Amino acid sequence: MSRAKTIQDFLRSDIIDIEELLSLALDFSKSSLYANPNHKISATELARLDILIQKRQSGEPFAYLSGSKGFYHLDFKVTTDTLIPRPETELLIDISLDLFDSSESIKVLDLGTGSGIIAITLADKCSNWKVSATDQSEGALEVAKSNAQNTATEIEFSHGNWLDAVPNQIFDLIISNPPYVKDNDPHLADLKFEPISALISGVDGLDDIRTIIEQAPKQLNSGGYLLLEHGYNQQKEIMRLMRESFIDVRGFQDNNSIDRATIGRIK
Ligand SMILES: C[S@@+](CC[C@H](N)C(=O)[O-])C[C@H]1O[C@@H](n2cnc3c(N)ncnc32)[C@H](O)[C@@H]1O
């Protein structure tokens with residue numbers, strides 16, 4: 001009879017994300033794994049671990065297996081209805097926090113909120129800001145609402161197509177990380193577990209961004225801002241589009257020095 005496998009046996013393997021998968025299957029913290037290298041893995045734990053390893057090896061992102069992902073200073077529930085939060089999106093938080101003081105009473109809108117990361121992070125950091133969030137996906141909105149409940153934040157959620165979801169409302173800052181991948185971008189093959197409606201946006205990836213740039217001016221206060229995340233090669237065209245209705249249009253790069261966000265102030 002072969003001996004039961006131990007934590008150490010798996011930690012020595014080259015299985016992708018094995019530390020994280022062991023933590024999840026055994027419900028051990030990472031430090032407990034290393035403190036108990038000779039723990040014999042039971043048949044139930046092994047069955048759980050095998051399923052997780054198979055799913056991970058088939059390309060399923062770890063965040064969908066664990067059901068959560070860290071963003072800025074908080075942990076967020078994620079499901080296959082939501083995009084997995086990306087570290088690049090933290091740039092939108094930094095830009096917003098530089099733009100307005102946390103003590104100001106401003107109105108902020110997060111369009112296409114997904115799991116709610118932008119709206120909830122800003123509302124949690126700035127309790128004076130009145131934050132609203134929208135999405136076209138009912139499933140994503142449910143996840144965002146549940147994430148908001150896990151914090152002390154009060155966010156007004158609305159369902160609908162971009163600014164049509166919040167008719168007649170006026171904001172000081174509209175933020176969006178909209179879908180911006182081209183319809184037939186080869187990178188989509190690596191993103192097959194994430195909702196396609198959160199990713200693609202027409203032949204050049206700019207359909208949704210064009211809609212938001214067109215709709216936003218009517219719903220911005222005097223001096224209000226529109227802040228958009230976008231793809232590495234879209235900034236020049238977005239700046240051109242924004243200059244029709246916005247002034248002080250500026251581009252930002254992410255931590256990898258890639259063009260990632262553009263902001264403008266309403267004319
Ligand atoms: C790239 S994901 C971003 C999600 C989240 N804000 C984040 O940064 O992780 C884009 C989001 O926009 C939503 N969306 C797509 N089309 C939309 C539309 N026409 N109106 C409103 N939301 C839309 C998707 O459901 C998705 O949640």
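This is a predicted model: local features need pLDDT of at least 70, side-chain atom pairs count only at pLDDT 80 or more; totals for chains, interfaces and linings use all residues.
Residues are numbered from 1 along each chain as its sequence is written.

Helices (H or I, at least four residues) and strands (E, at least two) are DSSP runs, numbered from the N terminus. Helix H8 comprises residues 138–149, 12 residues in total. From its first C-alpha to its last, H8 reaches 17 Å, close to the expected 16 Å; the expected span is 1.5 Å times one less than the number of residues. A residue is termed buried if 20 or more other C-beta atoms lie within 10 Å of its own, exposed if 12 or fewer, and partly exposed in between, with C-beta atoms placed from the backbone. In H8 the buried residues are Ala 140, Leu 141, Val 143, Ala 144, Asn 147 and Ala 148. They lie on the same side of H8, because they cover an arc of only 160 degrees around the axis, the arc being that of the directions from the helix axis to the C-beta atoms. An α-helix has 3.6 residues a turn, so residues three or four places apart point the same way. Exposed Glu 138 and Gln 149 are carried on the face of H8 turned away from the buried side. The cover over the buried residues includes strands E2 (74–77), E4 (130–135) and E5 (155–159) and helix H7 (117–125).

The ligand is surrounded by 22 residues, counted where the C-beta atom, placed from the backbone, lies within 6 Å. The closest are Gly 112, Gly 114, Gln 136, Asn 177 and Ala 198. H7 and E4 each supply at least two residues of this shell.

Strand E1 (residues 68–71) has Lys 69 and Phe 71 on its covered face and Ser 68 and Gly 70 on the uncovered one. E1 and E2 run antiparallel and are joined by four bridges; strands pair if DSSP finds at least two bridges between them. Phe 71 stands opposite Leu 74 in E2. Two residues separate the strands of this hairpin, and Tyr 72 in the turn has a positive phi of about 50 degrees.

Phe 252 is found in strand E8 (residues 246–253). Phe 252 counts as partly exposed because it has 16 C-beta neighbours inside 10 Å. Leaving aside residues up to four places away in sequence, Phe 252 touches Leu 91, Ile 95, Arg 260 and Ala 261, contact being defined as C-beta atoms, placed from the backbone, within 7 Å.

How values were computed:
Two residues are in contact if their C-beta atoms, placed from the backbone, lie within 7 Å.
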